Amino acid sequence: MEGIETCPRCGVPAYITTEHLWHPSGFIVQRRDARHILIFMESENLDFLLRELEGILGVSIERIVVDTRRRAAKAYMDRVIPESLKEQVRSGNLDVGPVVQGMVGIGHVLGYGRFEVLDSRLEGDDQDYLLVRVHRPYSITLGCVDPVAAFEALVGREMGLSYDAAGPDTYEIRAFPSPHPEEFKGRLTMRRYAYPEGNIQLEACPRCEAPLLLGEYEWRLEEGLILHRETGRRMVFFAPSVLEAIFGELERELGEAIPGSVVEAQRRLTRDGFYSLAGGDLTEELRTVLSLRGLGGLQHLELGPEGLLLEMENACLHPVLAGLAQGLFEALHGVDSRVEWEAGEGGGLRVKVSA
Ligand SMILES: [Zn+2]
């Protein structure tokens, strides 16, 4: 893709390494603001979590997911878009379409699929709109929101959104002026992360300092895809604070069964062999798997036929990690199990799985 530099040694786009640091804590930290972290996750896993949750709960969660994601994205866009740019768009000196295109273009580097602004109108009345086509979104429920949030932050007006299928794995997303639902206003809590310095070391590319393991992935920038070169598995960068906010909103609306349901969904995926470990030093291998994905710093792992104990110095998405530990144990030993987990001081996590 034009204008996007990649490392000649490992192929990772410069944007990824200049903006993010694989931190010794096991998190992927935003260099501009270290309280913000990202995970690098199999997109299938994200989608599976949401789908399974819906199945376990027996109700549609799309409205809550879209709305939480939209508010988080809007707050983010509001923060990162310079006021001068907003003014230029609002005064009509700059065409809003190309500006939105430039912003959603960043999603191509993060693995979000190919976004194309088709049309826009900005006259300051109720007929204004933005029309965007997306091909192969990592998740249409989560991914329909980004262009709308950019549009909303630029023009400074609340927008509604809708999307329709427009071909194989292709959707057209429309944003239009519409006040946000009152019920959701002002109650989104986004976690900001504090974490210890940590001792996690991933071998780094000598040229760009990205973890060398990222070289196993191919960035297809034109298509907005990040694929594992061997397995073809698709990856995506995503803010765990958004997922945690979604789980929080779901819990508020649907009750205390939510954390357990997230564990259960992740257990099912992992037990079915989604994360297969090669053997060898299991602790070392799992530490690498978790820290490459920015899920946290694994300190201790005990595993036997009776159970598994996992201790992390810091960790995001605790219920996902509890489900992952449980699924891993069950995949290795072929038995059912029970799981308990507790948060430790400073964002730590302790998971105990018993056969
Ligand atoms: Zn490199």
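The entries below go through domains, sheets and helix pairs in turn.

**Ground rules.** I am working with a predicted model, in which local features need pLDDT of at least 70, side-chain atom pairs count only at pLDDT 80 or more, and totals for chains, interfaces and linings use all residues. Residues are numbered from 1 along each chain as its sequence is written.

**Domains.** I looked up the domain assignment, which gives domain 1 (61-184) and domain 2 (256-355); such bounds come from an automatic or database domain assignment. The centres of domain 1 and domain 2, taken over C-alpha atoms, are separated by 36 Å.

**Sheet β4-β5-β7-β6.** I took helices (H or I, at least four residues) and strands (E, at least two) as DSSP runs, numbered from the N terminus. Two strands pair if DSSP finds at least two bridges between them. On that basis I find an open sheet of four strands in the order β4-β5-β7-β6, with antiparallel pairing. Its edge strands are β4 (114-121) and β6, each of which pairs on one side only. The twist from one strand to the next averages 20°. For angles, axes are lines fitted to C-alpha atoms, for helices over the stretch in contact, and the angles run from 0 to 180 degrees between N-to-C directions.

I then went through the pairs. β4 and strand β5 (residues 129-135) pair in the antiparallel sense over seven bridges, and the bridge partner of Glu 116 in β5 is Arg 133. β5 runs antiparallel to β7, joined by six bridges; here Val 134 is opposite Tyr 171 in β7. Strand β6 (residues 159-165) and strand β7 (residues 170-177) are antiparallel too, with seven bridges. Opposite pairs that I noted are Tyr 163 with Ile 173 in β7 and Met 159 with Pro 177 in β7.

What lies between β6 and β7? I find a hairpin with four residues between the strands, and Gly 167 in the turn has a positive phi of about 135°.

Helix α5 (residues 96-104) lies across β4 and β5 and runs at about 160° to β4. I count two residues as in contact if their C-beta atoms, placed from the backbone, lie within 7 Å.

**Sheet β11-β12-β14-β13.** This is an open sheet of four strands in the order β11-β12-β14-β13, with antiparallel pairing. β11 (296-304) and β13 (338-343) are the edge strands, each pairing on one side only. Neighbouring strands are turned by 10° against each other on average, direction ignored. I looked at one pair here: strand β12 (residues 307-315) and strand β14 (residues 349-354) are antiparallel over six bridges, and Met 312 stands opposite Leu 349 in β14. Helix α12 (residues 318-333) lies across β12, β13 and β14, at about 30° to β14.

**α3 with α8.** Helix α3 (residues 62-80) packs on helix α8 (residues 145-155) at about 45°, with the axes 8 Å apart. That makes α3 oblique to α8: angles under 35 degrees count as roughly parallel, over 145 as roughly antiparallel, 65 to 115 as roughly perpendicular and the rest as oblique. α3 passes α8 in a right-handed crossing. A crossing is left-handed if the near helix is turned anticlockwise from the far one by less than a right angle, and right-handed if clockwise. Among the contact residues are Val 66, Ala 73 and Met 77 in α3 and Val 145, Val 148 and Ala 149 in α8. The contact divides into eight nonpolar, no polar and six charged residues. For these classes, Ala, Val, Leu, Ile, Met, Phe, Trp, Tyr, Cys and Pro count as nonpolar, Asp, Glu, Lys and Arg as charged, and the others, Gly among them, as polar.

**α9 with α10.** The axes of helix α9 (residues 240-254) and helix α10 (residues 257-271) come within 8 Å and cross at roughly 130°. The two helices α9 and α10 are therefore oblique to each other. Phe 247, Leu 250, Glu 251 and Leu 254 of α9 make the contact with Ala 257, Ile 258 and Val 262 of α10. By class I have six nonpolar, no polar and one charged.

**α2 with α10.** Helix α2 (residues 43-57) and α10 pack at about 125°, with axes 9 Å apart, which makes α2 oblique to α10. Their crossing is right-handed. The contact includes Phe 48, Leu 49 and Leu 53 in α2, and Val 262, Ala 265 and Leu 269 in α10. The residues of this contact divide into eight nonpolar, three polar and three charged.
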